[in-house]
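Please consider the predicted model shown here. The paragraphs that follow lead through its domains, its chain contacts, its core and a set of individual residues.

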Amino acid sequence: MDTTVPEMRISQPLPESDPGSFPEQVEEALQPAHSEIRRYLLARGNSAVADRLFKLLMLLCALSIFMIVALIAYQLVDKSELNWAQSGIKFFYTAFSDPYTNQPQYWDPVNGHFSALPFVYGTLVSSFLALLLAVPLAIGVAIFLTEMCPGFLRGPLAFLTELLAAIPSIIYGLWAIFVLVPLLRQYVNPALIKTMGWTGLFVDDNPTGLGYVAAGIILAIMILPIISSLTREVMMAVPHSQREAVLALGATRWEMIRTGVLRNARIGIVGAIILGLGRALGETMAVTMVIGNTPEIHKSLLSNGASMASVIANEFAEATSDLHRSALVEIGLALFVVTIIVNAIAQLLVWAVTRGTPRQVH
Amino acid sequence: MSTSTLQFRSKLRAANDHAVTCLAILATILVIAPLAAIFAYLIYKGASSLNWDFFTKVPAPEGELGGGMANAIVGSGVLLGVASVIGVPIGIGSGIYLAEFGRGTKLANAVRFTADVLNGVPSIVMGVTAYALIVFPHIAFLPFLGHFSALSGGVALGIMMIPTVCRSSEEMLLMVPHAIREAALGLGVPNWRSTLSITVKTASPGIITGCMLAFARVAGETAPLLFTALGNQFWSTSLNEPIAALPLQIFNYAISPYEDQHRLAWAGALVLIVLIVLAVSLVRYVTSRGVLKGNS
C-alpha cells in the first residue's frame with residue numbers, strides 16, 4: 001500500500017512557480033532587509049542564463065533517448081540493406097529449395113541462401129510455449145500476493161519475485177544446461193512422448209533434451225516475475241471500494257476477485273502479458289544455450305530449433321560474408337521493430353489502468 | 001428455490017473459493033520452487049568450486065586444470081566503467097528533466113514512454129548497433145574504430161543503462177518534498193543550483209542505488225558483448241582491444257566440453273549473483289526504509 005502514496009502525490013500538478021522571474025520579485029519585496037545570504041547571492045549576479053543553460057542541458061539528455069532509438073533504427077536499416085536488396089520481404093517467409101533433393105535450404109551461409117523462416121518459427125513457438133506456462137502461474141501468484149497473502153509474507157515474496165527478475169539470463173541458461181535439460185531428457189520428455197505422442201507434437205527424434213520445450217520452460221521461468229509483478233501492480237491499482245462493494249453483496253473471496261478485481265484490471269493484465277511476450281521474443285542467452293541451434297523447422301516440440309536472437313548470438317561474430325552479416329542484421333532489425341511495437345502496446349495498456357486510478361480514489 | 005438448493009449452491013461457492021485459494025498458493029509455490037532450486041544449486045556448485053585462484057589467476061589454456069577469472073572480473077569492471085561514463089550522466093540528466101522541468105508536458109510523457117520501450121529492446125540488438133557503430137566502420141584517422149574492443153562493449157552497455165537510470169532517478173527526484181525546493185528558491189538560490197545541490201542531493205541515496213540497479217542489470221548482460229567486447233583469455237585493460245567479461249567467460253565455459261571449466265562457470269555465476277543480490281537488496285532497503293520519504 002505504501003508504494004501508491006508517492007504516486008498519488010505525483011499525479012497532482014505542482015503549483016506553477018515561474019523560477020525565471022522569481023528572484024526579481026523577491027528582490028523588490030525584500031529591498032530593506034539585506035541579509036547576508038541575500039547579499040552573497042546578489043553579488044553572484046543574475047542566474048537567468050545559467051538557469052536556461054541548465055534546462056537546455058537536461059533537455060538534451062532527455063532528447064538523447066529519442067536519438068538513441070533513431071540511431072539504432074538507422075544503423076540496423078543501413079547495415080541490412082544488402083540482404084534487403086537481395087531478397088526483400090520474402091526473406092521472412094520463403095526458403096530456397098534444393099533442386100536435387102527438393103528439401104528446403106533455409107540457412108546456408110556457404111552457398112549464400114538465407115531465409116529467416118526457421119528463426120521466426122522458433123521464436124514464436126518458444127515464446128508461445130513460455131506464455132502458455134507462465135501466464136496462469138503469474139496471475140495465480142499476483143492474486144495470492146494482493147488478495148490472500150498474510151502481511152508478513154507479502155514483503156519477502158515480493159522481494160523474491162523482484163530478485164527473480166534481476167537474475168541475468170546467462171545464469172538461467174547455465175542452470176538450464178546442467179539441471180533442466182538433463183531432467184527433461186530423463187523424465188519429462190519420455191513421459192510427454194508416451195502420453196501426448198498421438199498429437200504429433202512430441203516425437204522421439206532428439207535424445208539431447210534440448211529443443212523448443214526446454215527453451216519454452218526456461219523462458220517461462222524468466223518472464224514469470226515480470227508478468228506477475230506488473231499484474232500485481234495493476235490489481236493493487238483497483239480501488240478498495242470495488243472490493244468492498246462486491247463483498248457487501250455477499251460474494252465469496254474468489255467471486256470478489258473475479259468480478260471486482262480481475263474484471264477491472266483486465267486491460268492492465270493483458271498489457272503485462274504482452275510485456276512478458278516482448279521479453280520472451282528478445283531473450284537471447286538462455287534460449288541460445290538450450291534451443292539446440294539448428295536452422296530447421298520441425299513440428300515436434302522436442303526437436304532442435306533456433307530463434308531469431310539465438311542465430312545472431314551464434315553467428316554474428318563469425319559471419320563469413322557481407323551478405324551473411326547483412327542477413328543477421330536484418331533479423332535483428334525485425335526483432336527491434338517487433339519488440340518496439342509489442343512493448344509500446346503493452347506500455348499503453350498498463351498505463352491506461354494504473355495511471356487513472358489514483359484520481360478515482362479521491 | 002428451495003432451501004436445500006440454496007444451501008447446496010452456497011456450499012459449491014465456498015468450495016470454489018477454497019479451490020481457487022489452493023490454486024493460488026500452489027502457483028506461488030511453483031514459482032518459488034525454481035528460484036529456490038536455482039539458488040540452492042548455484043550456491044552448492046559455486047561455493048564448492050570457488051577458491052583463491054579464481055580471483056587471482058587468468059584462465060588456464062584449453063584442457064588444462066586450474067586457472068581463474070581475474071581478467072574477466074577486471075574486464076567487467078572496465079566495461080562497467082565505460083558504460084557508466086555514458087549511461088549515468090545522460091540517465092540522471094534526463095531524469096532531472098522529467099522530474100523538474102517537464103512535469104505533465106507532452107514531451108516528458110513521450111520521453112518516459114520511449115525510455116520504457118527502449119528498456120524492452122532486446123540486448124542483442126544493442127550489441128548489433130554497437131557493432132555497426134564502432135566495430136564495423138574503418139576510418140583511418142580514428143584508430144578506435146574498425147575492430148572488436150572494450151570501448152564498443154562499454155558503449156553497448158552504456159546505452160542499455162540510460163533508460164533504467166533515467167526512470168529510477170526520476171522516481172527518486174519526485175519523492176523529494178516540494179517544501180525543500182520551495183525553501184531553496186525562497187532564499188533566492190538560482191533554479192539550477194537548487195536542483196543540483198538541494199533536490200538531487202536529497203535524492204542522492206536513491207539515485208545512487210538506482211544506478212547500482214542499472215549496474216547490476218548490465219553486469220550480467222552477455223548478448224551485447226558477444227561481438228563487441230568479444231572476450232579475451234589474457235590480461236587486458238586497454239579500451240582498444242578485445243576484453244574479457246565475467247558473463248562472457250561463464251557462457252564460453254558453460255558450453256565447453258571440459259568439466260573443470262564447468263566448475264569455473266558455476267563459480268563465476270555465484271560471484272555475479274552475489275553482486276546482483278547485494279545491489280537489489282540495497283535498492284529495496286533505500287526505497288522501503290523511507291530514507292527519502294518520511295524523514296527528510
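Chain B is divided into domain 1 (3–49) and domain 2 (54–288), with bounds that come from an automatic or database domain assignment. The centres of domain 1 of chain B and domain 2 of chain B, taken over C-alpha atoms, are separated by 36 Å. Six residues from domain 1 of chain B and seven residues from domain 2 of chain B make up the contact, where two residues are in contact if their C-beta atoms, placed from the backbone, lie within 7 Å. On the side of domain 1 of chain B that touches domain 2 of chain B, three residues are nonpolar, two polar and one charged. In this division Ala, Val, Leu, Ile, Met, Phe, Trp, Tyr, Cys and Pro count as nonpolar, Asp, Glu, Lys and Arg as charged, and the others, Gly among them, as polar.

The model is predicted: local features need pLDDT of at least 70, side-chain atom pairs count only at pLDDT 80 or more, and totals for chains, interfaces and linings use all residues. Residues are numbered from 1 along each chain as its sequence is written, while chains are lettered from A and ligands numbered from 1 in the order in which they are written.

Chain A is likewise divided, into domain 1 (19–78) and domain 2 (80–361). Four residues of domain 1 of chain A are in contact with six residues of domain 2 of chain A. The side of domain 1 of chain A that touches domain 2 of chain A holds three nonpolar residues, no polar residue and one charged residue. The secondary structure of chain A consists of 14 helices and four strands; helices (H or I, at least four residues) and strands (E, at least two) are DSSP runs, numbered from the N terminus. Of the 362 residues of chain A, 44% count as buried. A residue is buried if 20 or more other C-beta atoms lie within 10 Å of its own, exposed if 12 or fewer, and partly exposed in between, with C-beta atoms placed from the backbone. Among the contacts in chain A with a separation of 6 or more, 79% join residues 24 or more positions apart.

Between the chains, 79 residues of chain A are in contact with 80 residues of chain B. Helix H4 (residues 48–79) of chain A gives the most to the side of chain A that touches chain B, with 18 residues. That side of chain A divides into 57 nonpolar, 14 polar and eight charged residues.

Which residues touch the most other members of the largest nonpolar core? They are A:Ala176, A:Ala214, A:Ile218 and A:Val290, in a core of 196 residues. A nonpolar core is a set of buried Ala, Val, Leu, Ile, Met, Phe, Trp, Tyr and Cys residues joined through C-beta atoms within 7 Å. Helix H9 (residues 212–236) of chain A gives the most to this core, with 17 residues. Not counting residues up to four places away in sequence, A:Val290 touches A:Gly173, A:Ala176, A:Ile177, A:Val181, A:Leu210, A:Ala214, A:Ala215 and A:Ile218.

A:Leu281 is found in helix H11 (residues 253–282) of chain A. A:Leu281 counts as buried because 23 C-beta neighbours lie inside 10 Å. Leaving out residues up to four places away in sequence, A:Leu281 touches A:Thr123, A:Ser127, A:Leu335, A:Val338, A:Thr339 and A:Val342. A:Leu281 and A:Val238, 43 residues apart in sequence, are 29 Å apart in space, C-alpha to C-alpha.

In chain B, B:Ala156 lies in helix H6 (residues 150–175). Is B:Ala156 buried or exposed? B:Ala156 is buried, because 33 other C-beta atoms lie within 10 Å. Apart from neighbours within four places in sequence, B:Ala156 is in contact with B:Met126, B:Gly127, B:Ala130, B:Pro224 and B:Thr228. The C-alpha atoms of B:Ala156 and B:Ala130, 26 residues apart along the chain, are separated by 5.4 Å.

A:Asn293 is not a glycine, yet has a positive phi of about 55°. A:Asn293 sits in the loop between helix H12 (285–290) and helix H13 (308–315) of chain A, and counts as partly exposed because it has 19 C-beta neighbours inside 10 Å. B:Leu230, also not a glycine, has a positive phi of about 70°. B:Leu230 is in the loop between helix H8 (191–219) and helix H9 (246–254) of chain B, and counts as buried because it has 21 C-beta neighbours inside 10 Å.
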